[in-house]
Amino acid sequence: MLKVLSIQIADSIDIKQFKTVFKAELLHEDSDELFYRVKSNPQKFAYIFKYGIVSLLSYNEVETMAFIQAITPYCKNPLEQHISDEFDIEVNAGRNKLGYNKIEIENATTDSLRLIMLNVSQSVALDHFSQQTNLLLEETTRHTQILERKGRLDLSGTNLKKFIGRTLNLKNRIEANLYIFDSPEETWEDEELNRLDLGLKKTFDLQARFRTIREGLEIVKENLDLFKDLLQYRNSIVLEWIIIILILVEVINLFIEKLMK
């Protein structure tokens, strides 16, 4: 029995720099990920993604902590609380069979193990993005409730801009990492790997969860557009009153000047 552990440890990882110091057999690399096999154990792998996730196969608890400690200096915005998921792999099974948190597999090839680690990591990434989206939705709901009770926004222009910035940053990060939900090229040419990939995506419900995140961000965006319009209206009213007061002051000054004459 093998165990995959995928952990979101930061917003991003500088994989280019980490590659220069990590000593293991590099099996796959591109601008977004590194996939290693530990030479001392042919069934021990490490998968590092630039979007802040590491996936480890056949690492014990002590080895996992050591690996995280080694990669932390190459992380941007490390998370105080890590998000993780575990998945068991039973090798040399009679047939391929997927369960809720376990897979039985006939042929535990390097490609199939990498594919399993990739899908577990995608699931963790969705948990991370979902958590951040829910925080934005909660904050949006709080402001709409205040708007309902008081008839006005309890939000300054600067704070609204910060809120919009957080929403756009999250949306941009998700869009930038859309590739993680694509199937690897290996699955296009190997029917067995393709079936495995489709089965894993269905097990982890990746597409539906991703769609929920995008819908949540759209709700936040719609509310922010409304908040922005209300704030602009409020500012325009204030500006109108300033102009009226200035005109009134000018009229009073003219009236006083006439009286003085």
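**Entry 1: conventions.** I worked on a predicted model, in which local features need pLDDT of at least 70 and side-chain atom pairs count only at pLDDT 80 or more, while totals for chains, interfaces and linings use all residues. Residues are numbered from 1 along each chain as its sequence is written, and side-chain values use heavy atoms, with hydrogens and water left out.

**Entry 2: the sheet.** I looked up strands as DSSP runs (E, at least two residues), numbered from the N terminus, and took two strands as paired if DSSP finds at least two bridges between them. In what order do the eight strands of the open sheet lie? I read the order as S2-S3-S4-S5-S1-S6-S8-S7, with mixed pairing. Strand S2 (25-29) and strand S7 (97-98) each have a single partner strand and stand at the edges, so one side of each lacks a neighbour in the sheet.

**Entry 3: pairings.** I then went through individual strand pairs.
- S2 and strand S3 (residues 33-37) run antiparallel and are joined by four bridges; Glu25 lies opposite Arg37 in S3.
- Strand S1 (residues 2-13) pairs with strand S6 (residues 75-90) over ten bridges in the antiparallel sense; Lys3 has Asp88 in S6 as its bridge partner.
- S6 and strand S8 (residues 102-104) run parallel, joined by three bridges; the partner of Glu90 in S8 is Glu104.

**Entry 4: aromatic pairs.** I searched the whole structure for ring pairs and found eleven. Rings of Phe, Tyr and Trp (its six-membered ring) pair if their centres lie within 6.5 Å; planes under 30 degrees apart count as stacked, over 60 as edge-to-face and the rest as tilted.

Entry 5: Are Phe18 and Phe22 buried or exposed? I found both buried (under 20% relative accessible area, with exposed over 50% and partly exposed in between; 1.4 Å probe, protein chains only). Phe35 and Phe45 are buried too. Ring pairs join Phe18, Phe22, Tyr36, Tyr59, Phe67 and Tyr74 into a cluster.

**Entry 6: a charge over a ring.** I noted that the charged end of Lys44 sits over the ring of Tyr59, 4.8 Å from the ring centre. The criterion is NZ of Lys or CZ of Arg within 6 Å of the ring centre and within 35 degrees of the ring normal.
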